[in-house]
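Take a look at the model below. We will walk through how its chains meet, then look inside one of them.

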Amino acid sequence: MAMGRARKEFITSERERLLEEVPIVDEECNRDFIKAIIEMGGGDVQVCLQCGNCTGVCPVSLKTENKIRNIIKMCQMGLKEKVLSTPWVCATCHRCYEHCPAGMNPAELIVALRHIVVRELGPPPFVVSISNNVANLGQAVEISDEILNLRKKIGLNEKPFDERYRSKAIMDLKTIMKATGYDKLIGIDLGD
Amino acid sequence: MASIWVIDTKDARTVAKYGLFYGCLIPNRYPGIERSIKIILEKLGCSQLFSEMPQATCCPVPGIFYSSDKETWLAIAARNLCIAQDRKQELVTFCNGCFSSFLMATEQLSDPKKLGVINRILKNVLMKYTGIPRVTPEGRRVLDPIKVRHFIDVLYNDIGLESIRSAVVNPLKGLKVAVHYGCHYLRPTERECIEDPVNPIMVDEIVESLGAESVNYENKLDCCGAGGGVRSYVVDLATAISKDKLMNISEVGADLIVTPCPYCLLQLDTVQGRLELTHIPVFHVAQLIALAMGAEPQYLGLEAHEVQADKIISKYGGTK
């Protein structure tokens with residue numbers, strides 16, 4: 001089947017997030033923001049030269065208004081409010097890191113921003129539900145009846161895990177999550 | 001050896017070189033991959049080198065745990081590494097996400113300060129990460145970090161293409177395969193890489209050793225769009241990124257997409273079910289190898305896939 005040239009699609013989001021469209025006022029610049037970022041492990045944010053190599057290879061930047069170069073600049077300027085709506089839109093593919101002439105790791109910056117979002121605005125719903133799965137099942141993915149049947153049909157044990165080991169493993173995970181305070185951070189109930 | 005993890009003695013005696021770490025998606029969503037792995041290892045005559053890790057849990061998924069609390073992520077990853085450590089095994093993953101998570105974890109645990117913090121947490125579950133003790137030729141005792149391996153790496157470097165080729169009974173002649181490597185197989189290069197991230201060859205060569213043709217296409221090394229929480233957070237964006245890839249793959253006339261990652265498989269497969277623009281079946285590398293090695297097609301668990309592979313199965317399936 002002959003197909004035409006693949007057409008690239010662009011996903012639009014709120015344009016006002018774009019740095020160049022909104023004048024920045026002094027009050028918006030939060031000087032403590034950079035400290036918080038460094039604390040969360042995104043320390044090399046200040047070495048960014050704004051060359052834009054990261055943005056040119058970023059699958060998300062090519063499709064949305066979330067240009068990674070702009071996000072980095074906004075972090076440097078302390079534009080916290082503008083930045084905190086962006087970090088879950090990153091595939092952590094690390095192409096930015098591979099192409100950065102300054103040796104910065106923008107993907108790690110995004111992870112640091114996610115840490116800040118989780119602590120200040122709360123985790124997005126999918127983080128809560130997957131964390132719940134891991135705490136209660138030991139696995140991120142829930143199994144359905146169809147898959148249980150399929151497992152049996154193709155000659156595997158119907159249950160993917162040996163119950164004896166499973167209950168101990170889940171107990172371990174809950175203990176770890178309590179010890180690090182993850183349950184409180186994400187807002188999941190691990191029981192007693 | 002100071003082993004803190006108490007496992008039953010039968011288990012402790014089974015010392016295989018590699019521990020199989022299936023992760024979450026393989027047993028719970030695509031069990032055909034798990035079956036295929038077992039078939040391959042049997043056909044290659046090396047199943048005694050591998051043992052399962054029933055005590056293991058989620059790696060845990062880096063897009064969720066590494067992104068929200070690095071300490072919890074590292075402690076859970078270290079708990080899994082401890083299981084391999086106490087059995088003196090190399091940990092083999094079949095998923096780019098698990099691979100990336102564990103590789104990153106072993107690297108971070110080489111920092112004594114972090115190791116101390118994590119071991120204080122692991123003490124609560126009676127575990128301790130140290131690495132595997134080894135005596136050097138000079139008689140010095142050292143601790144080696146757990147070796148984290150991707151199945152592709154084990155197949156290519158430890159088992160070898162020749163062994164794979166000689167176990168093929170259904171050569172996949174005429175099958176055009178588009179290989180999708182996936183991001184975390186290739187990057188970041190700051191840590192030990194499986195192979196050259198700008199010119200990877202292992203999966204292509206494995207595919208060709210099965211008799212199939214690996215076709216090149218634009219943006220072969222690009223992301224599937226799903227990783228890092230994008231699929232869960234903005235599904236439209238993940239779909240758009242996948243669509244670009246699928247269009248390029250369909251342009252070169254590929255019959256099949258093959259990937260070493262079940263999460264990329266999930267994305268590239270379910271997107272096609274939703275968009276109905278292309279109908280290219282997506283296999284995990286293990287499923288394709290099992291097919292070429294003469295596995296009964298029903299063991300590949302293809303019912304769990306959205307895009308059905310009937311044409312390919314009727315052409316290449318079944319022992320001949």
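What follows covers the interface and then a sheet.

This is a predicted model, in which local features need pLDDT of at least 70, side-chain atom pairs count only at pLDDT 80 or more, and totals for chains, interfaces and linings use all residues. Residues are numbered from 1 along each chain as its sequence is written, chains are lettered from A and ligands numbered from 1 in the order written, and side-chain values use heavy atoms, without hydrogens and water.

Start where the chains meet. Here 68 residues of chain A are in contact with 72 residues of chain B (heavy atoms within 4.5 Å). The two chains bury about 5,900 Å² between them, 62% of it on carbon and sulfur atoms. Buried area is the accessible area (1.4 Å probe) that two parts lose on being put together, summed over both.

A:K153 and B:E303 form a salt bridge, at 2.3 Å from N to O.

Now turn to chain B. Four strands make an open sheet, ordered β2-β1-β3-β6, with parallel pairing. Strands are DSSP runs of E, at least two residues, numbered from the N terminus; two of them pair if DSSP finds at least two bridges between them. β2 (50-52) and β6 (148-150) of chain B stand at the edges with a single partner strand each, so one side of each has no neighbour in the sheet. Three bridges join β1(B) to β2(B). B:Y18 stands opposite B:F50.

Key. A salt bridge is a side-chain nitrogen of Lys or Arg within 4 Å of a carboxyl oxygen of Asp or Glu.
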